[in-house]
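User: Please go through this model with me. I want each label set against the cut-off behind it.

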Amino acid sequence: MTRPDKFTALTPAGGSSSMVVMRRTLFPFAGILALVSACQPAPRMSRATPLPTRVSEPPARDITRELAVATFDSVWSKVRATYYDTTLKGLDWYAVRRELRPRAERAETRVALRAVLTEMLSRLGDSHMSVLPREFVAPSPNDSDSDAAPGGVGVETRILANRLVVFRVDPRGPAALAGVRGGWTVDSVDGTRADSAIAELARVRNPKLRRTLFVHLTARLQHRFEGPAKSLVRASFRDERGVPRHLTIERAPLEGQAVKLGHMPTLVAHASSRRLPGTTTCVGVLRFNYWLLPVMPTLTKAMQSFEECEGVIVDLRGNVGGLAAMLSGVSGFMVDTAASLALVTARGQEIRYDVFPRRADAQGRRVKPYSGPIAILIDPLTVSTSEVFAAGMRQVTRGRTRVFGERSAGQALPALVSKLPTGDALMHAVGDLRLADGSRIEGAGVRPDVEIPLRASDLQAGRDAPLDAALRWIADWNRAAAGA
């Protein structure tokens, strides 16, 4: 942790090039990695690999004792050398090794070894401590020799009441054209049954672990709809009346710019904006899926167009994080005074995330940050950098920002990713993050000011309840400001 280049991605000057070497890169907020680790890359054929299920026959040995021990020792040593708390939260790390190393020696498969390593990492209680199977760090089909672009069908899903439901449908996407509507239940995708996977999640008693696994499982099931463009996905739904709908849908190219992060599968970053009618003028709505540099031109142009709007809504539902350095610039669109959003502490280093108020546009003309009300929409798939933005903006704007929706994931720690002898990768937290007031997001998540649970009835009726509540609050805020 003495090499400064490990922290390049965290500094405001750091660019995306600092995120391409796994052994040296600090992923500032590893929500992206939580998504990637949860998403097994789709195969080159149209049929997706089923989710792992319980098997009756034991798997065959696929690692030697020497390889298992070398991998265990590598994980133990990396954590001891890089964990942000030099006391490892008071744990006797040597005692942990004496306890678990014999089990690693007896592990005959990568799956069994991963279980031992996961138990060791879980002793520290942080979200960004996990083993990424080698299948997740290998090149994805989108990185293959084929020229197929990354594709999808234009749906987002969420787990609701132990069911996988359609959360949002792109009205221009293949799923909408095939008749898929919000609120439909997803029974299976390419042979993967959603209910059995969700049942496994329901059996997890630890609430913190269950929240973490919720993010992973939702992302994993969502990923089944994605794959190479022009490939087919076969999905079974039940509509709002419970009528089965068995559909075969051709994936269309995903909108946005493909981004490659080291050995991670290709991500497609996209952003969109729109203007909704307000009480007197308009309300601007921003939405983007990753905190990655390709979305910045859209955000910049959108904020310029929102200057006269009576409110701005930032929709971070499903945004799993990304480059933390973007926090300073994006908050600077909306905050006129320099302020601290968050502080990361690691061994021997502190890194601040401050608001950089925007004073000029790309043409050098003087501008002012937006000064009206800001509503931020979050849900359990709002992770990492997105959580820091929501909580930090609420603190620094002092009543001008309000958060709507459901509690966020509570996974906000800087992490490194390193290759292991087995071909798996280790994601391990190397910094602790606290907001300006000293509070932590890790484990607790961001609680909305206005909590609005996801309801199937709203989805089926085409209602976006958090968005509607945000619009009402913006109208009330402006009325109160005018009265003052």
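Analyst: Residues 24 or more positions apart account for 73% of the contacts in the chain with a separation of 6 or more; a contact means heavy atoms within 4.5 Å. This is a predicted model, in which local features need pLDDT of at least 70 and side-chain atom pairs count only at pLDDT 80 or more, while totals for chains, interfaces and linings use all residues. Residues are numbered from 1 along each chain as its sequence is written, and side-chain values use heavy atoms, with hydrogens and water left out.

User: How many helices and strands does the chain have?

Analyst: The chain has 13 helices and 24 strands. Both are DSSP runs numbered from the N terminus: helices are H or I with at least four residues, strands are E with at least two.

User: Why is Gln222 called buried?

Analyst: Its relative accessibility is 14%, and buried means under 20% relative accessible area, exposed over 50%, partly exposed in between (1.4 Å probe, protein chains only). Gln222 therefore counts as buried. The residue lies in helix H8 (residues 207-223) and touches Val155, Glu156 and Thr157, not counting residues up to four places away in sequence. Over the chain, buried residues make up 55% of the 484 residues.

User: What makes Gly443 partly exposed?

Analyst: Gly443 has a relative accessible area of 28%, so the value falls in the range between buried and exposed. Gly443 sits in the loop between strand S23 (432-435) and strand S24 (450-451).

User: Why is the pair of Trp184 and Phe237 called edge-to-face?

Analyst: The structure holds seven aromatic pairs. For Trp184 and Phe237, the ring centres are 5.8 Å apart and the planes stand at 65°. Rings of Phe, Tyr and Trp (its six-membered ring) pair if their centres lie within 6.5 Å; planes under 30 degrees apart count as stacked, over 60 as edge-to-face and the rest as tilted. The pair is therefore edge-to-face. Both residues are buried, and Trp184, Phe225 and Phe237 form one aromatic cluster.

User: What makes the pair of Phe404 and Trp473 tilted?

Analyst: The centres of the Phe404 and Trp473 rings are 6.1 Å apart and the planes stand at 55°, so the pair is tilted. This pair links distant parts of the chain, with Phe404 in strand S20 (residues 401-405) and Trp473 in helix H13 (residues 465-483), 69 residues apart. Both Phe404 and Trp473 are buried.

User: How do you know that Arg97 lies over the face of Trp76?

Analyst: A charge sits over a ring if NZ of Lys or CZ of Arg is within 6 Å of the ring centre and within 35 degrees of the ring normal. Arg97 is at 4.2 Å from the ring centre of Trp76 and lies over its face.

User: Why do S8 and S11 count as edge strands?

Analyst: The open sheet has three strands in the order S8-S3-S11, with antiparallel pairing. Strand S8 (227-228) and strand S11 (252-253) each have a single partner strand, so one side of each is left without a neighbour in the sheet. Two strands pair if DSSP finds at least two bridges between them, and two bridges join strand S3 (residues 150-152) to S8. In one of them, Gly151 has Gly227 as its partner in S8.

User: Which residues have the most contacts inside the largest nonpolar core?

Analyst: They are Val314, Met334, Ile376 and Phe389, in a core of 55 residues. A nonpolar core is a set of buried Ala, Val, Leu, Ile, Met, Phe, Trp, Tyr and Cys residues joined through side-chain atoms within 4.5 Å.
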